[in-house]
Amino acid sequence: MTKHQAPHDTRARITTMLAVAGVLAALGLGLALRLGLRADRWWFNADEGFYIQVATTPSAVEASTVIRSNAHPPLHYWILRLAEPVAGDPANLRTILLLASLLGIVAAGWLGWLAAKPHASGWPRVAGAWFGAFMVALAPA
Amino acid sequence: MVWRVHGGLGPGLIVQAATLRPYSLCVLAEFICLASLLRYLDSGRARWLLAFSLSLTFAVLLLYSSFLVALALGLVFVGALFARTLTRNQIVGLMAAASPAAISMLVLFLTHIRPQILGSAMLHDATDQWLRQQFAQDLLQASQLIYGAADHAYSATLHGWRWYLRAWRWSWPCGRGADFSAS
């Protein structure tokens, strides 16, 4: 039993390490691109101003009224309002989305690993993890 | 034409991942939702069902575009019911797990979408004026557009991108076949 199991365990360990290495490389690339392009120099969309306006409104009742009367779903407004006292400068609120974006790279690698057809060699799963992670690292999400 | 394709993956657009808009948070929630679903179907453990339920509801409350993911999952679920690839426990569990998201979608439709989007002047402005050119006006024009897109997809211009499609085919969950049943 152990005679046959040992090579299989070694192969599984190697494929797991390769998948993790690929996802970490994608994470590094994604971080470099997201920080290297200096998004913090600009505001990109009128929506950002509206989100800041709601997040920094002192009155919770007033903010609630604005959120209810707005076309967008409410959760993101409430997340920003909760984070605003910690963030200090409204521009720092973007850090939440930057972290989510980086975690998205890892999650895409995990999803690619799970979604690929299980195979004895393990290579489809490595390919799935790499593909998912690099696709999101290079995508605007 | 090549630049249109490159534009979708252009590094310059990556800055959009770090703005205040909730898209990256929504994408993260959707990835966790789908991965949790796959883990649940493989292991049958309730904690993955809970993670699926929470992340799907979270995504639905963040952005309307996640409705498309929820609806696609619903279609796959109906297909799995017809194909009988799910056990009774899985069917009950998945329906219970998806219900908070379904209720949230219904509430959002009644409180936000219907009064503030469907009934708004902005929608009429968009469909009659600044988005009018984005839609096909009739079936003939739609078929011509699809034909044109297919022609472009198989042209020499996109030859170098075929590896991209092949990679999708290789790693996508369709390859899993009918092995969704709990072991």
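Trainee: In which helix of chain A is A:Leu75 found?

Mentor: A:Leu75 is found in helix H4 of chain A, residues 75-87. Helices (H or I, at least four residues) and strands (E, at least two) are DSSP runs, numbered from the N terminus. The model is a predicted one, in which local features need pLDDT of at least 70, side-chain atom pairs count only at pLDDT 80 or more, and totals for chains, interfaces and linings use all residues. Residues are numbered from 1 along each chain as its sequence is written, while chains are lettered from A and ligands numbered from 1 in the order in which they are written.

Trainee: Does A:Leu75 count as buried or exposed?

Mentor: A residue is buried if 20 or more other C-beta atoms lie within 10 Å of its own, exposed if 12 or fewer, and partly exposed in between, with C-beta atoms placed from the backbone. A:Leu75 counts as buried because it has 21 C-beta neighbours inside 10 Å.

Trainee: Which residues does A:Leu75 touch, leaving aside those up to four places away in sequence?

Mentor: Two residues are in contact if their C-beta atoms, placed from the backbone, lie within 7 Å. Residues up to four places away in sequence not being counted, A:Leu75 touches B:Phe58, B:Leu61 and B:Leu62.

Trainee: How many residues does each chain bring to the contact?

Mentor: Chain A gives 40 residues and chain B gives 39. On the side of chain B that touches chain A, at least two residues come from each of helix H2 (23-43), helix H3 (46-62), helix H5 (88-118) and helix H8 (162-171). The largest share of that side, 11 residues, is from H2(B).

Trainee: What is the make-up by class of the side of chain B that touches chain A?

Mentor: Ala, Val, Leu, Ile, Met, Phe, Trp, Tyr, Cys and Pro count as nonpolar, Asp, Glu, Lys and Arg as charged, and the others, Gly among them, as polar. That side of chain B has 29 nonpolar, 7 polar and 3 charged residues.

Trainee: What is the secondary structure of chain B?

Mentor: Chain B has 8 helices and 0 strands. Of its 183 residues, 27% count as buried. Among contacts in chain B between residues at least 6 apart in sequence, 65% join residues at least 24 apart.

Trainee: At what angle do the axes of H3(B) and H4(B) cross?

Mentor: Axes are lines fitted to C-alpha atoms, for helices over the stretch in contact, and angles run from 0 to 180 degrees between N-to-C directions. The axes of H3(B) and H4(B) cross at roughly 140° and come within 8 Å. H3(B) is therefore oblique to H4(B); angles under 35 degrees count as roughly parallel, over 145 as roughly antiparallel, 65 to 115 as roughly perpendicular and the rest as oblique. In this pairing, B:Leu56, B:Ala59, B:Val60 and B:Leu62 of H3(B) meet B:Ser66, B:Phe67, B:Val69 and B:Ala70 of H4(B). The residues of this contact divide into 7 nonpolar, 1 polar and no charged.

Trainee: Which residues have the most contacts inside the largest nonpolar core?

Mentor: A nonpolar core is a set of buried Ala, Val, Leu, Ile, Met, Phe, Trp, Tyr and Cys residues joined through C-beta atoms within 7 Å. The largest has 69 residues, and those with the most contacts inside it are A:Ala107, A:Leu111, A:Ala133, B:Ala29, B:Phe31, B:Ala59 and B:Leu62. H2(B) supplies the largest share of this core, 14 residues. A:Leu111 touches residues including B:Phe31, B:Leu34 and B:Ala35.

Trainee: Where does B:Ala59 lie?

Mentor: B:Ala59 lies in helix H3 of chain B, and it counts as buried because 28 C-beta neighbours are inside 10 Å. Between B:Ala59 and B:Glu30 there are 29 residues in sequence but 6.3 Å in space, C-alpha to C-alpha.

Trainee: What is the phi of B:Arg84?

Mentor: Most residues other than glycine have a negative phi. B:Arg84 has a positive phi near 60° and is a residue other than glycine. B:Arg84 is placed in the loop between H4 and H5 of chain B, and it counts as exposed because it has 9 C-beta neighbours inside 10 Å.
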